[in-house]
Amino acid sequence: MNRHLISAADLSRDDALLILDTAEELAQLAERPIRKLPTLRGRTVVNLFYEDSTRTRISFEAAAKRLSADVINFSAKGSSVAKGESLKDTALTLEAMGADAVVIRHQASGAPHRLAGWVRGSVVNAGDGTHEHPTQALLDAFTMRRRLGRVDGLRVAIVGDVLHSRVARSNVLLLRTLGADVTLVAPPTLLPVAVSAWPCDVSYDLSAVLPKTDVVMMLRVQAERMNAAYFPTVREYSRRYGLDAARMAMLPDHSIVMHPGPMNRGVEIAAEVADSARSTIVEQVANGVSVRMAVLYLLLGGADLGGADLGGAGLGNAGTGARQADAGKADAGEADAGRTDAGRTDAGREGAGWLSNEAAEVAR
Ligand code: MLT
């Protein structure tokens, strides 16, 4: 796996499956009384958010904290950015503070890529402009796999404001890598010019696509990025591209409805659909924490989980204490499993009892 996660295209099929499998194991933590592992103790994760976010920032923060990393939250508002400090100077300041990973959200497409050239730690793209949001695509794939048992061969419709959506681009790339068939459904004005080069089909007719769909992913109409009239009226948009109960009834019985949030209820999705049993919207939020834990764990080459299998008996209250004690005992033979670049802290390298050697190799 690469040192950074900037695009879903950075992930091979094996990388993506490793993240999903790791997230699956880490998801078991949420069911335990103590939801914390010592794996990234001594590591520092900086959340660098230049753009508003509720769920993604909180999700990364929860993920890092559950792995015992130190978390520094930086929001552009109220910082020296407001005084004109450049991204590079901010990055170098964070570097001086010893950031092992920087999770960045930025309004400019390409900002995480630039950042990766300036810092020694790992860079994780938490959404850049209209470009990409790879951890959203990973959590979406994770949710599909949990609900439907697989991603390979699924027929996925991504509907709405594709033009301004980093979620759509990351999903098309990742879902293709994982073997799903994606159809984008949108008015022509809300599709990128180069969409014909994307590895997916395109349709302008939602009602025709729904009966052949396992997963329908509704996208938010991103009014804040619209500098022109992309459709006549909101009402007209909802009538043609919104998912209401009548349209949802066109889906096969097993199909699910997804939305990355935040939602415009009554615009792209009706409240009764968002709150229906087919909707995975709340699960997506919960799954986001597990997936982001897996990403941080694998990028930072985290330590083992104390030799205890997450599915094993040792994970109750007492188990966690035992693991924390264990985590201090470096195992000379296996200690390299978590080693990353020179210059990064070694605090997390204490053996690799949990991931297989092969997985630890990939994590390196
Ligand atoms: C994003 O940050 O891209 C969101 O998760 C989706 C949206 O803003 O509509």
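In what order do the strands of the open sheet of 5 strands stand? Select β7, β6, β5, β8 and β9: that is their order, and the pairing is parallel. Strands pair here if DSSP finds at least two bridges between them; helices (H or I, at least four residues) and strands (E, at least two) are DSSP runs, numbered from the N terminus.

The model is predicted: local features need pLDDT of at least 70, side-chain atom pairs count only at pLDDT 80 or more, and totals for chains, interfaces and linings use all residues. Residue numbers start from 1 along each chain as its sequence is written.

Axes are lines fitted to C-alpha atoms, for helices over the stretch in contact, and angles run from 0 to 180 degrees between N-to-C directions.

Next, select residues 155-159 (β5) and 181-185 (β6), which run parallel and are joined by 5 bridges. Within this pair, A157 has T183 of β6 as its bridge partner. Contact requires C-beta atoms, placed from the backbone, within 7 Å.

**Second stop: the sheet of 4 strands**

Move to the open sheet with the order β2-β1-β3-β4, also with parallel pairing. Its edge strands, β2 (70-75) and β4, each pair on one side only. The twist from one strand to the next averages 15 degrees. Helix α2 (residues 55-66) packs on this sheet, touching β1 (44-49), β2, β3 and β4, and its direction makes about 175 degrees with that of β1.

Select β4 (residues 122-128): 7 of its 7 residues are buried, so the strand is largely enclosed by the rest of the structure. Buried means 20 or more other C-beta atoms within 10 Å of the residue's own, with C-beta atoms placed from the backbone. Strand β3 (residues 101-106) runs parallel to β4, joined by 5 bridges. A101 stands opposite S122, and H106 has D128 as its bridge partner.

**Last stop: the ligand**

Show the ligand with G127, H133, Q136, R166, V167, R220, Q222 and P260 around it; each has its C-beta atom, placed from the backbone, within 6 Å of the molecule.

Note on methods: Buried ≥ 20, exposed ≤ 12 C-beta atoms within 10 Å, placed from the backbone. Contact = placed C-beta atoms within 7 Å.
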